[in-house]
2 protein chains.
Amino acid sequence: MTVPDTAGTGSAGSRTVGMKDVAAAAGVSVGTVSNVLNRPGLVSRATRTKVEAVIAELRFVRNETARHLRVGHSRVLAYVMLDGRNPFFTDVAGGMEDTAGEADLSLFLCNSANLAAREAAYLTRLEQQRVQGILITPVDPGSPQLDEIARRGMPLVIVDRTRNSDSHCSVAVDDVVGGEIAVRHLLEQGHERIAFVGGQLDIGQVRERREGALRALLAAGLGPDHLVDLTTSRMAVADGGNAGRRLAGLPSATRPTAAFCANDLLALGLLQACAALRMRVPDDLAIVGYDDIEFAAAATVPLTSVRQPRRRLGRTAAELLVQETADPTHEHRQVTFTPELVVRESTYQ
Amino acid sequence: MTVPDTAGTGSAGSRTVGMKDVAAAAGVSVGTVSNVLNRPGLVSRATRTKVEAVIAELRFVRNETARHLRVGHSRVLAYVMLDGRNPFFTDVAGGMEDTAGEADLSLFLCNSANLAAREAAYLTRLEQQRVQGILITPVDPGSPQLDEIARRGMPLVIVDRTRNSDSHCSVAVDDVVGGEIAVRHLLEQGHERIAFVGGQLDIGQVRERREGALRALLAAGLGPDHLVDLTTSRMAVADGGNAGRRLAGLPSATRPTAAFCANDLLALGLLQACAALRMRVPDDLAIVGYDDIEFAAAATVPLTSVRQPRRRLGRTAAELLVQETADPTHEHRQVTFTPELVVRESTYQ
DNA sequence: CTCCCGGATTAAAAGGTTTCAAAACCTCGT
DNA sequence: ACGAGGTTTTGAAACCTTTTAATCCGGGAG
């Protein structure tokens, strides 16, 4: 099989080979090459094999941007995640990858790292790229940019956050219920003063989990003064350690006997601080985390935690997105999952 | 400022607005609109502000795929990472994001999840997308697909793996040295029988870290029989726990007094198993991990670990890639960093 | 009065693919 | 030999932007 010199051995200066080159080498028109690629049924077996051979020989790789320009939509989804370091979000992304793969789409991940500016940059870039749809756990669910994007016709699904807008779907887990079951469990273990270790209350998740905690107290006939707030500036492991030291500094009469942490990182930090301060878990302090990340079960004292169906969360989010792109009469839906408590030794033995 | 009805209030059925619409609404040619966007210096202040106003009003967003088709290169980098769940790789990606941001490029993340098939799918998709360059920690560094991609002219940088090929740059950390300093430290603490907890030896990293361990033993005048292999099928937390139980089952005469784990996940699993089996760390068993992930320092017994300059790794990888795209006379380089030991309580008190 | 100049703007081509109407080709029955 | 009817193949338009060469314009020099 001979090949024109222009695209031949192609060591350095050769232009990238396009369908035109393939067509020329195979002695057919570019239309036929396109058909071989996209509707192989239309073309005779003979020319088809011929063209395929040339494609292989020339190492032709289709220019997706040109294709996209013509057909008007791409085969790429993107997930803009809040924190690429948090295993929770990577698990969610894993679920999305599953459904994306089934639909023959690629999923690209973007990490906003909780920075509004970076998130905004990614969003405009994605819009410019005309990706097929965007999944996002936004830094600020109230941002008007999200509505604008949806209004311009870009399919959008909000993940792990809720917002009252009918311009897109959303998938979330009920955080109030999560807080409620965590604290109810602690109450059942006989605890009556409970610390709430959480980040800033302007984060929706944190506020709702705390809300659920209060609700559980109320149901048990206890007032809000039985919840001791230990707010932290961020929500990483180190912050949990700080909270632990503050906790230990409280007079033993009013010191809580249990702690409910707004995520597992905080809980792990708290656990470590307890070990350093010679406080036994769960005897001196029972601890409940949130998210049930892999490390929660693997901690030296395995951590009781509120598990969210993260993979499922990702799957359904992606499914909603795919549905929306396929069906123009799509009705936007707000899906909510219910979390469950995983009891381990940090609260019970 | 009036706007043609066609692109006007655009609630539902309106076609997406292009430069043509902007040009029409502003009463100029599309060429001028393009100039406003790309070479604002060429256009008079009056028309420039006029056009910018129309762009804002119409919410025009540039079609990057069309642009790309014309100019021949995109402003997107991609990192195909081996395991999106492993904090090590997300930290590396963080470093890449830094330099990508500085160069006004976007970084898209792809998670191969250690599956060769998924990696291959991502690579072809990225080539089809004609991204500006690819960073990758490959499942199999020997894969011919990598060479093919590079030979076709796509800038490529291998991250955290080495391979003998002159068709691309690579950035890695010296794993032999890493293994050496870990075991040398254990020898200095008086240990003489050391367990090596690692995944399959066909993973390059594991093999080299073990190699370094043997080298340290040799330097101390001890033979390879002083290294007790505990290989695991995978390298997650649970596998470390299994290794711990196997270790505890050894007769105490020949049981190692220290363990060097091929990554921190294994080490954390081992640590947890020790707690469950009532083995004290470091008294009954000293443990060294590898990677120094955030959770290593946060373990109940903080973990001694071999730290790799992960952020730096990502930064330089991305820098090399950007250099290559900018400079056609680029010489491929193989950069190697040296790891350092972070001593904590799991080996010393 | 013409010519030329520099700055601002325009018109048209280019880039690689898909799509679709039309052309070419084949097979068969007459 | 011809035409019908079906299967393959072709050629050109279209997608949206960038780029380049050409045009336009007012004014100063000759």
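Q: Which residues are the closest to DNA strand D, and how many surround it?
A: First, a bit of housekeeping: this is a predicted model, where local features need pLDDT of at least 70, side-chain atom pairs count only at pLDDT 80 or more, and totals for chains, interfaces and linings use all residues. Residues are numbered from 1 along each chain as its sequence is written, while chains are lettered from A and ligands numbered from 1 in the order in which they are written. For DNA strand D, the closest are A:G31, B:G18, B:M19, B:N63 and B:A66, and the residues surrounding it number 25.

Q: Which helix gives the largest share of the surface near DNA strand D?
A: Helices (H or I, at least four residues) and strands (E, at least two) are DSSP runs, numbered from the N terminus. Chain A brings α2 (30-38) and α4 (64-71), and chain B brings α1 (19-26), α2 (30-38) and α4 (64-71), each with at least two residues. The largest share is five residues, and it comes from α2(B).

Q: How do the residues near DNA strand C divide into nonpolar, polar and charged?
A: DNA strand C has 27 residues around it, with A:G18, A:M19, A:N63, B:S29 and B:G31 the closest. For the classes, Ala, Val, Leu, Ile, Met, Phe, Trp, Tyr, Cys and Pro count as nonpolar, Asp, Glu, Lys and Arg as charged, and the others, Gly among them, as polar. That gives 11 nonpolar, 11 polar and five charged.

Q: How many residues does each chain put into the contact?
A: Two residues are in contact if their C-beta atoms, placed from the backbone, lie within 7 Å. The copies meet through the same surface, because 100% of the interface residues of chain B are also interface residues in chain A. Chain A gives 41 residues, and chain B gives 41.

Q: What is the strand order of the open six-stranded sheet in chain A?
A: Strands pair if DSSP finds at least two bridges between them. In this sheet the pairing is mixed, and β7 (227-231) and β12 (340-342) are the edge strands, each pairing on one side only. The order in chain A is β7-β6-β8-β9-β10-β12.

Q: Which residue stands opposite A:V306?
A: Strands β9 (residues 286-291) and β10 (residues 304-307) of chain A pair in the parallel sense over four bridges. Across from A:V306 in β10(A) is A:Y290.

Q: Is B:V306 buried or exposed?
A: B:V306 lies in strand β10 (residues 304-307) of chain B, and its contacts beyond four places in sequence include B:I181, B:Y290 and B:L341. A residue is buried if 20 or more other C-beta atoms lie within 10 Å of its own, exposed if 12 or fewer, and partly exposed in between, with C-beta atoms placed from the backbone. B:V306 has 30 such neighbours, so it counts as buried.

Technical notes. A residue is near a molecule or strand if its C-beta atom, placed from the backbone, lies within 6 Å of it.
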